[in-house]
Amino acid sequence: MKHLDWQHFLVEQQSQAYYQSITDFVTVERVTGKEIYPPESDVLKAFTLTPLNQVRVVLIGQDPYHGPDQAHGLCFSVKEGIKVPPSLVNMYKELATDIKGFTIPSHGCLTPWAQQGVLMLNTVLTVERGSAHSHAKIGWETFTNNVLNLLSEQTEPIIFVLWGGHAIKKGKLINTSQHVILSGPHPSPLSAYRGFFGCGHFSDINKRLMERGQTPIDWQV
């Protein structure tokens, strides 16, 4: 089913049994005293910051950061005042060599990217404090697969950025005759030296956008 905006899509998803099951699980976890990130008000923030008809780039992460005050609903991003996580440190290093004039920021808040049409989507949208992947398999993957199916149906070309095996698997959901996939190793310290550094994805995105007559992303935050 086609949707004109995220609101219609979200209402439809939230009415389904699988999504109600997610909501029930997360609600019980919060009520029983577990610390769940991000705060409830930020779980769907990626969709409020990047309207469906403005999505130009999709950046896919795995699940939210599981440390206090880190996660705020955008993959790879942390709130201002929080130490920049290792994967984002490596993204900044790549940006500094790939984008002329980029200076490495002192913070890790990537909200300006989201406001320019970069949908910053984790495939799992909640996590328990200190327990990575703790909310995998509760149903979020179904939700984000449905998000990707909807994005794949869009007539305007979108650039999907898939870093690491987990994200690359999602490529099968994308109509590559309509959209572009840029894939490579994850920027985490475990894999960044296997080809993330030097991938040139940030400049490649801007080159492709400009070829379509669109404004490039200002990656500086």
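**View 1. Asp63 carries the "active site" label in an unreviewed UniProt entry.** Such annotations may be inferred rather than shown by experiment; UniProt positions are given in the numbering used here, and feature names are shortened. What you're looking at is a predicted model, where local features need pLDDT of at least 70, side-chain atom pairs count only at pLDDT 80 or more, and totals for chains, interfaces and linings use all residues. Residues are numbered from 1 along each chain as its sequence is written, and side-chain values use heavy atoms, with hydrogens and water left out.

**View 2. Here's where Asp63 sits: the loop between β2 (57-61) and α4 (86-98).** Helices (H or I, at least four residues) and strands (E, at least two) are DSSP runs, numbered from the N terminus. Is Asp63 buried or exposed? With a relative accessible area of 14%, Asp63 is buried (under 20%; exposed is over 50%, partly exposed in between; 1.4 Å probe, protein chains only).

**View 3. Who does Asp63 touch?** Skipping neighbours within four places in sequence, Asp63 is in contact (heavy atoms within 4.5 Å) with Asn122, Val124, Val127, Ala132, His133 and Ser134. Its side chain reaches the backbone nitrogen of His133 at 2.6 Å.

**View 4. Tyr18 and Tyr19 make an edge-to-face aromatic pair.** The whole structure has 17 aromatic pairs (rings of Phe, Tyr and Trp, using its six-membered ring, with centres within 6.5 Å; planes under 30 degrees apart are stacked, over 60 edge-to-face, the rest tilted). In this one, the rings are 6.1 Å apart centre to centre, with 80° between the planes. Tyr18 is buried at 17% relative accessible area, and Tyr19 is buried at 6%.

Definitions and conventions:
A polar contact is a pair of N or O atoms within 3.5 Å; within protein, one must be able to donate a hydrogen and the other to accept it, and residues adjacent in sequence count only if both atoms are side-chain atoms.
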